[in-house]
Amino acid sequence: MSIQDFFRGRNVLVTGATGFMGKVLIEKLVRSCPDIGKICILVRQKKGKDTASRIKEILDAKLFDTIKEQKPGLMEEKLFPVLGDMTELRLGLSDEEYGYLVENISVIFHVAASVRFDEPIRDATIMNVRGTREVVQLAKQMKHLEVLLHVSTAYCNCIRENVEEKVYESPIGWREAISIAENLDPTLSSILTKKFLGSFPNTYTLTKLLAEQIINEERNNLPVVIFRPSIVISSVNDPIKGWIDNFNGPIGLMMACGKGVVRVTYTEKSIVPDYMAVDISIKSMIVAAWHRSKSNWLEMDDTIPVYNSASVSKSVSNEELLDLGMKTLEQYPFDEMLWRPSIKFTTCFYYYYISTIIEQVLPAIFFDALLDLIGKPHKRLLPLQQKIYVVSMALSYFTTKSWKFENSNFLGLIDKIPDADRKEFDYDFKDIDITEFIKNATIGSQKYLFNVDESKLPFAKKLLSRFIWMDRILKAFGATILVLVLFYFNIIPKAFLSNLFCCF
């Protein structure tokens with residue numbers, strides 16, 4: 001049975017459909033499997049917004065422009081919002097909606113998760129661990145369930161340098177973790193978070209590992225699969241090039257550098273992180289769900305299918321990645337920037353801290369004061385710099401270390417894609433041109449995150465040219481002042497200064 005045949009007429013439940021990967025997933029399912037049944041998406045109720053307005057809110061993203069042009073009205077026809085909440089028992093569903101899902105759903109994509117690294121342990125556990133338990137309990141009652149695909153993360157085992165495609169033990173049982181979270185005073189949550197984490201860098205990685213334990217325990221009771229993406233970034237080309245809707249990962253750093261807001265990063269430049277394009281991850285996720293449904297899970301051995309969606313050989317170093325981004329930003333600069341785009345790498349905390357104060361915080365204070373003085377409305381830069389610093393510290397564990405992700409199961413799925421589905425679901429990425437991909441990702445980020453007006457490019461290039469000259473003049477002035485100070489205090493001999501001027 002082909003992938004498109006498998007999804008024909010089947011109803012699907014997607015948690016996290018309003019998130020980055022969730023949006024790409026529902027778009028791909030409808031566009032490539034137009035005969036699919038209903039796609040039930042779990043959405044929180046928002047005050048003053050009915051389900052129709054919530055659907056419109058999701059579909060307003062540029063991501064859906066292609067399917068709107070090719071198949072007008074199909075997304076609206078297929079999407080079926082279900083009011084619920086991942087942080088509530090029974091997913092916050094009414095009895096009627098719970099019963100509907102039990103009777104009608106055949107496939108579950110559990111994508112929802114709190115991805116904040118600084119989330120208090122109580123909140124992260126309720127969302128990522130207990131939420132997964134509630135999805136599993138719902139799945140166990142479904143009468144027509146073919147597969148439950150749980151989206152984890154390749155970094156949930158980040159305390160190991162080599163990560164295989166298997167489930168590892170967790171330092172605490174998931175039941176105990178939920179019990180602690182349910183009974184923990186919220187005011188104590190932040191205080192106890194560090195003690196609870198142990199050797200894990202943040203609550204996200206630990207709670208995602210705990211969630212895997214729940215799925216793994218059901219491997220003999222449910223047709224389950226664990227899918228672990230690495231760092232998910234912009235799309236290659238499906239349905240459009242360079243689409244992204246968040247500032248997470250390297251894209252956010254590129255954009256901040258392009259705006260002149262960030263000039264130093266706490267990162268090991270030689271490390272090769274693992275990035276995966278979102279459309280490749282989504283295609284492989286759909287293939288993994290389809291392939292799991294083909295297997296008679298009652299006759300399978302005692303292992304659970306695990307896929308590390310990692311690029312491995314196609315990644316580049318942090319320095320190369322940022323260099324490619326900076327070159328693109330020189331060709332396509334922002335029409336609004338604070339200074340010339342540039343970036344310095346360091347793994348020395350003290351150097352990073354001092355450079356951040358001098359090159360980012362002090363200029364932010366200056367620009368805030370200047371704009372206040374002339375009465376121009378603006379977003380304050382100092383709070384932004386504070387946020388950037390906090391995020392940088394949270395990411396430092398990942399930007400200064402490297403991992404090796406085994407991905408043979410993930411790559412092996414490519415050969416199992418039916419010929420009839422190759423055009424829509426082949427995710428072989430060995431021929432991707434990294435330079436072109438990063439260029440499209442950078443341009444796409446400007447377009448989809450900042451709504452950059454392409455007609456302003458000539459002005460933007462002139463602005464960049466001015467900043468380049470101002471940067472050179474300022475550096476030359478600073479170097480001159482430094483030399484004069486050193487000469488004044490006899491740190492450098494007078495003869496050296498005389499010889500220096502003679503050279504000119």
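**Salt bridges in a predicted model**

The count comes to 30 salt bridges, a salt bridge being a side-chain nitrogen of Lys or Arg within 4 Å of a carboxyl oxygen of Asp or Glu. This is a predicted model, in which local features need pLDDT of at least 70 and side-chain atom pairs count only at pLDDT 80 or more, while totals for chains, interfaces and linings use all residues. Residues are numbered from 1 along each chain as its sequence is written, and side-chain values use heavy atoms, with hydrogens and water left out.

**Exercise 1.** Determine which parts the pair Glu-218 and Lys-140 ties together.

Step 1. The closest N and O atoms of Glu-218 and Lys-140 are 3.4 Å apart, and the two residues form a salt bridge.

Step 2. Glu-218 lies in the loop between helix H10 (203-217) and strand S7 (224-229), and Lys-140 lies in helix H7 (residues 121-141), so the pair ties together parts that are 78 residues apart in sequence. Helices (H or I, at least four residues) and strands (E, at least two) are DSSP runs, numbered from the N terminus.

**Exercise 2.** Classify Glu-218 and Lys-140 by relative accessible area.

Step 1. Buried means under 20% relative accessible area, exposed over 50%, and partly exposed in between (1.4 Å probe, protein chains only).

Step 2. Glu-218, at 11%, is buried, whereas Lys-140, at 47%, is partly exposed.

**Exercise 3.** Describe the salt bridge between Asp-238 and Lys-283 and its surroundings.

Step 1. The closest N and O atoms of this pair are 3.7 Å apart.

Step 2. Both Asp-238 and Lys-283 are buried.

Step 3. Asp-238 and Lys-283 belong to a network of salt bridges that also links Glu-27, Lys-28, Arg-31 and Glu-424.
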